[in-house]
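Work through the exercises below with the sequence and the coordinates at hand. Each task is followed by a stepwise solution.

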Amino acid sequence: MSKTKKDIFSQLILSDPHGEDSEFFPLLSKEDEKRIHSEKVPDELPILALRNSVLFPGVIIPITVGRDRSIKLVRDAYKKDKTIGVVAQKDASIDDPKAKDLYKTGTVAYIIKLLKMPDGSDTIIIQGRNRFSIEKYTQREPYLRAKVNAYDNNLLSAKSSKTFTVLMNNLKEMATKVIRESSNLPAEAGFAIQNIESSTFLLHFIASNLKIDATEKQKLLEINDLNKLATRIHQLLSGELEMLELKEQIQEKVKTDIDKQQRDYFLNMQLKTIQEELGGAPHEQEIKEIEEKASLKSWDKNVAETFEKELAKLKRMNPSAAEFSIQLNYVELLTELPWNEFTIDNFDLKHAEKVLNEDHYGLEKVKERIIEFLAVLKLKGNMKSPILCLLGPPGVGKTSLGRSIARALGRKYVRLSLGGLRDEAELRGHRKTYIGALPGRIVQNLKKVQSSNPVFVLDEIDKVSGNTFHGDPQAALLEVLDPEQNSTFYDNYLEMDYDLSKIFFIATANNISTIHPALRDRMEIIDLSGYTLEEKSEIAKRHLIPKQMEENGMAGSGLSFPQTVVKKIISDYTRESGVRSLEKTIAKVIRRHAIDYSKGQKLSSLKLTNVEEILGIPHFHREKLNKKPEIGIVTGLAWTAYGGELLFIEASLSKGKGMLTMTGNLGEVMKESATLAFEYLKSHASILNISPARFEQNNVHIHVPEGATPKDGPSAGITIFTALSSIFCGKTVRGDLAMTGEITLRGSVLPVGGIKEKILAANRAGIKEIILSESNRKDINDIEERYIKGLQFHYIKEMKDLFPIVFSK
């Protein structure tokens, strides 16, 4: 019998797996469906239990039969009328289902073909006929048999509507699309669906092939309304179509990603081959160099373990990954830090003393402390270093002293400027997870000098900002400068402890009041009060003039600076504690003479007139001593940031009602000293034979010259008291002596500070006698003999002791 192409497409093909001729089973037409539906359902049927499958009327499916009782059932039925009842199991995991494990509704099946398999099982091809419901089971062994009734079937009698027709057409389109999108269904199935004429069979055919579980299929089998069945299948088919579309999108995206990865892999392999031809990949060479550096390190066990761990992580990384460079920088830092690497200290105390004296003139207390430290270090052998704070005005050599200490000890030198520092991370570093993260500046400087015991100068520590939203840098410095804590200093980038206890920290500051008290407590404060005129003159001669002559190309010019010229420059053109301004002024004088020297002129010693021609009129004027005794004028001594100064106190009487007035830009403390002196004088007027009426009939005025300059402090107390005593007694005060001291209401004279600077100022002015508090005697003993030679000191305890000394005979 010949078959056309259309006939072939209208048939479902099932092939014999053993190579027998293919059988063709026609799809149901409406007439076939009516014929099957008219078939009478037998009163009793052998019941075959199906796992994970449901048979629908009209649908042909293959079933593998493996249970012994099921095999016997199908073989007995195949020999007879080939009709069986097929019912789905409720639980597919039960191997030997009983009556209670099966659904009540099933399908009459006709065995089209039985195939015996090599493994002893059978494969049957069955076609669903009509539905039935089980009334009761009549046989348990050797297989189940049940008395059945035809299921109430209204599907064929349902009236077709326009809505139903549209729904069925939509179902065909969706089913065709599912077949096209799914790789598991043959393309011929799409042609089969298009050629199915029966709506009922189409719904059963689609339901049978839906990817849903057996429970859901059983519910579809039991639906007895064609519209409800079509609507439910439409819902399930829509969900399956969405899943297929989503799956396709995912597969397409994965395919694109895989294609890109394959392309990248291919290019990387090419690049690797080229790099190997050129001598190896750069990152491999870098890792090899890091390993070579690490082999030379003498680090602790925990550091070595961390390094090995981080290096292994680096080797596993893709060189093109963003994290690779971060990890590479971190591992490089570990190998570049000077773990347990120390310079050998020079314990030659004479050498150290020589170096300190060469680089700095004066600063005896600082030098003594450094020599003490070296002596202790030499005797004890403990490398723990002190933490010094050099306190003093700008330009006195605090920072340069650190470099000299490093040279004396034979250590490396590091300077860290803390001025304006407001971010704690500058000291502790950033965590390496941040973009652009770096270790703190302390660790960076140790990496730069390649030593774990340098002389580390923390410059301008008083100018570190306090607590801000960036953290508290002063709090971070607490750990750095605490000898009990800095052996385990934690850097956020390094993420390990680093030993700072061997570092010789030297902090410098101008103002101690701005340093955090806890930070101040951790440091040993050494006061650098500034240089005297004599010390500045010696510094200029030893250091500043030779340095500037060299820097300006005048080393062999023959130009010299006599002592008188140097002192004039210091006193008339500079006013400072240090020597920075002095160095600039000397450089200006030398540069002016460089013009003449470059023209071939011979240079000789400078003269005072040359200084005024170059620098102009003096910038500062010092009050000259008036040695002529006068009433109400007394010479006092004052301390300034630029050294000691003479302080003249003037007092006068005028007719009035006993008022006291003061001028000269005086501070509150100085005004209080004047009031105190005036009240003490009134209460002890009888000692000087002063009539009380004079205080009531006269006004007193006190003036301190140089009114533009602010003046304050208690040290002018005895000077003001002497001036008031002079005007009320009418006695002149000696002009060849000066005094300084604080007074009390009980008449005591208290000690004051800045004694060295004040004595040098008196000596420069030609004063030979100085009155001080008895408690200041110890300060005189600390001053070098050359500064007090030719001076006579009067030490007093009470204010009344002044009178025999100050009044002219």
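This is a predicted model: local features need pLDDT of at least 70, side-chain atom pairs count only at pLDDT 80 or more; totals for chains, interfaces and linings use all residues.

**Exercise 1.** Describe how helix 12 and helix 14 pack, and state which residues meet.

Solution. Step 1: helix 12 covers residues 349-359 and helix 14 covers residues 398-409; their axes are 8 Å apart and form an angle of about 150 degrees. Axes are lines fitted to C-alpha atoms, for helices over the stretch in contact, and angles run from 0 to 180 degrees between N-to-C directions. Step 2: angles under 35 degrees count as roughly parallel, over 145 as roughly antiparallel, 65 to 115 as roughly perpendicular and the rest as oblique. Helix 12 and helix 14 are therefore roughly antiparallel to each other. Step 4: on the side of helix 12, the residues are His 351, Ala 352, Val 355, Leu 356, Glu 358 and Asp 359, and they meet Ser 404, Ile 405, Arg 407 and Ala 408 of helix 14. Step 5: sorted by class, this contact of helix 12 with helix 14 has five nonpolar, two polar and three charged residues. Ala, Val, Leu, Ile, Met, Phe, Trp, Tyr, Cys and Pro count as nonpolar, Asp, Glu, Lys and Arg as charged, and the others, Gly among them, as polar.

**Exercise 2.** Which residues does Lys 367 contact, leaving aside its neighbours within four places in sequence?

Solution. Step 1: Lys 367 sits in helix 13, residues 364-380. Step 2: its relative accessible area is 6%, so Lys 367 is buried. Step 3: with contact meaning heavy atoms within 4.5 Å, the partners of Lys 367 are Leu 356, Asn 357, His 360, Tyr 361 and Gly 362.

**Exercise 3.** Examine the backbone at Pro 142, Glu 460 and Asn 665.

Solution. Step 1: recall that most residues other than glycine have a negative phi, and most peptide bonds are trans. Step 2: the peptide bond between Glu 141 and Pro 142 is cis, with omega about -5 degrees. Pro 142 is in the loop between strand 7 (122-139) and strand 8 (145-150). Step 3: Glu 460, not a glycine, has a positive phi near 55 degrees. Glu 460 lies in the loop between strand 11 (455-459) and helix 17 (473-480), and is partly exposed at 23% relative accessible area. Step 4: Asn 665 likewise is not a glycine and has a positive phi of about 60 degrees. The loop holding Asn 665 runs between strand 18 (660-663) and helix 23 (668-683), and Asn 665 is partly exposed at 36%.

**Exercise 4.** How many salt bridges does the structure hold, and what does the one between Asp 122 and Arg 75 tie together?

Solution. Step 1: a salt bridge is a side-chain nitrogen of Lys or Arg within 4 Å of a carboxyl oxygen of Asp or Glu. The structure holds 35 of these salt bridges. Step 2: in the pair of Asp 122 and Arg 75, the closest N and O atoms are 2.8 Å apart. Asp 122 lies in strand 7 and Arg 75 in helix 3 (residues 68-79), so the pair ties together parts that are 47 residues apart in sequence. Step 3: Asp 122 is buried at 0% relative accessible area, whereas Arg 75 is partly exposed at 29%.

Notes
Residues are numbered from 1 along each chain as its sequence is written. Side-chain values use heavy atoms; hydrogens and water are left out. Helices (H or I, at least four residues) and strands (E, at least two) are DSSP runs, numbered from the N terminus. Buried means under 20% relative accessible area, exposed over 50%, partly exposed in between (1.4 Å probe, protein chains only).
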